[in-house]
Amino acid sequence: MSSWCDLSYLINDQSIFIVILFIPINPEKNKRSVMANNLIKVVVVGGGFAGINLIKSLAKDKRFQIILVDKNNYHFFPPLLYQVSTAFIEPSSISYPFRRLFQEKENLRFHMGSLLKVNHQENTIETDTGVLSYDYLVLGLGTESNFFGMQNVKEKSWPMKTIDEALNLRNTILINMEKAVRAETIEERERLLNIVIAGGGPTGVELAGMLAELGANIARKEYPEIPDYGTHIYLVDAGPVLLSPMSKTAQNEATKVLSNLGVKIILNVAVKDYVDGKVMMADGNTIETCTLIWASGVIAREVPGLPAESIGRGRRILVDEYNRVQNFNNVFALGDQCLQTTDPKFPNGHPQVAQVAIQQGELLAKNLKKIADKGDLKPFSYNDKGSMAIISKYNAVADLPKFSIKGFVAWFIWLFIHVIPLIGFRSKVELAFSWFFSFITNDPTLRLIIRPEANKQLRVQRQGESSTSQERA
Ligand SMILES: Cc1cc2nc3c(=O)[nH]c(=O)nc-3n(C[C@H](O)[C@H](O)[C@H](O)COP(=O)(O)OP(=O)(O)OC[C@H]3O[C@@H](n4cnc5c(N)ncnc54)[C@H](O)[C@@H]3O)c2cc1C
């Protein structure tokens, strides 16, 4: 019987060949393909802020085997999505492939797939690409848009929570500008140019500011037919102020800067429906538009298989002070997806922001190591470092723990805070370069309309046409 080591028949005249054959084989590297099965197996679903920060810290402990499951093959940075959707930066500046991140990490594996169900009795999860078993399961799937039961809004508006959605929105904005140039009636032109943003929180404010910048700095130069682009942006909120979770200083500054840029701010009115290209408001008014952007509410992603008593407000998974899901010993939930009411400073749960997810991920890594050591676990306590929002290109507001700042200084701090956490040297350099370039030229060059889905439809259509013509022939 021959095996990989039974190469004696090659010795003598082919011995040099054998040497060459053996040089590239690095036994250390080969260990990576075979994982010891006495490791503690942790399956982490969701490679967002929570999941990635947990993994970064836990992977250093070789007692653990970690499998990350994510429906995408990349981690991305949601706070900058609005700059992708307004064509100011590329998606690659704010995203990074998981497999690149896991290079040379022996105890890390990536499984691309979407979670379908947790079978907690068997300690397995089902994904659309296979079944995985676990010793410990960590859920960090984040949230999705909440349309509050408005079916038309769900089907026809543009949410902006993922890279795919940001790119769809970018295409829509650019295509509508092209169509507006060719519009034959004033009504059609208005409908194409009007953009209604529902939701005056940080995402809505940042989007409105960036679209106004697009009008002031780019449309003016590139679309001479639309000198009035910036006056077509409507920001609608059901509450009495913009940026409701932030300070009065931040709220007033946002209102002042956006109004000066020409954004039409409509407060105390909820969007109720979206029918035949008309946004219907609760006060009976309507706005004609082809583009309703939904930035108005979130709901935690559903995890089938968890019992109803483990689910709380906003579909968030109820967890104890160690982020352990209620009624479970080996299932944890982190970040936006969980609701933790044990932190004395946040009795109604934490805000759904990046820092909570990061800090919970880091603490759970420590606690999992403590479980392995049979030590005492540490409860989670959120260290609130403040909140920020960018209002326009060089203007931001920041609520720090002791005071608030606004303007260019706040923007500069915001810039650093948003570049530093980006994973990967290349992303940081790329992003810093994009911003520097748009800073000095006021003219980023990313306004390409690339439509892979449209091309696919065209190909299918063409195939259909050619088979019909063959049939005819
Ligand atoms: C547009 C926008 C702007 C924001 N701006 C800010 C800001 O300025 N500052 C701030 O602090 N916070 C901001 N946030 C909130 C912040 O992004 C979240 O609080 C943070 O991302 C939560 O981290 P997480 O790990 O819980 O979830 P996420 O970061 O949402 O990660 C969830 C992960 O789960 C994966 N996933 C989802 N469904 C499945 C599935 N079925 N199967 C497998 N994987 C799945 C996703 O691909 C993703 O990788 C913003 C959010 C958005 C959408």
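Q: Helices (H or I, at least four residues) and strands (E, at least two) are DSSP runs, numbered from the N terminus. Which of them each supply at least two residues of the shell around the ligand?
A: Helix 3 (49–58), strand 2 (64–70), helix 9 (202–222) and helix 11 (354–373). Keep in mind that this is a predicted model: local features need pLDDT of at least 70 and side-chain atom pairs count only at pLDDT 80 or more, while totals for chains, interfaces and linings use all residues. Residues are numbered from 1 along each chain as its sequence is written.

Q: Which residues come nearest to the ligand?
A: Gly 46, Gly 48, Gly 142, Gly 335 and Val 353, out of 32 residues around the ligand. A residue is near if its C-beta atom, placed from the backbone, lies within 6 Å.

Q: And how does that shell divide by residue class?
A: There are 14 nonpolar, 13 polar and 5 charged residues. Nonpolar here is Ala, Val, Leu, Ile, Met, Phe, Trp, Tyr, Cys and Pro; charged is Asp, Glu, Lys and Arg; the others, Gly among them, are polar.

Q: Which domains does the shell draw at least three residues from?
A: Domain 2 (32–144 + 300–372) and domain 3 (151–296 + 386–472). Those bounds come from an automatic or database domain assignment.

Q: How many bridges join strand 2 to strand 5?
A: 5, and the two run parallel. In that pair, Val 69 stands opposite His 111 of strand 5.

Q: What about helix 3 and helix 11, at what angle do they pack?
A: About 35°, with their axes 7 Å apart. Axes are lines fitted to C-alpha atoms, for helices over the stretch in contact, and angles run from 0 to 180 degrees between N-to-C directions. By class, their contact has 10 nonpolar, 5 polar and 1 charged residues.

Q: Changing topic: what's the pairing in the 15-16-17 sheet?
A: Antiparallel, in an open sheet of 3 strands. The edges are strand 15 (271–275) and strand 17 (286–288).

Q: How many residues sit between strand 15 and strand 16?
A: 2, in a hairpin, and Asp 276 in the turn has a positive phi of about 50°. 4 bridges join strand 15 to strand 16 (residues 278–281). Asp 273 has Met 280 as its bridge partner, and Val 275 has Lys 278.

Note on methods
Pairing = 2+ DSSP bridges.
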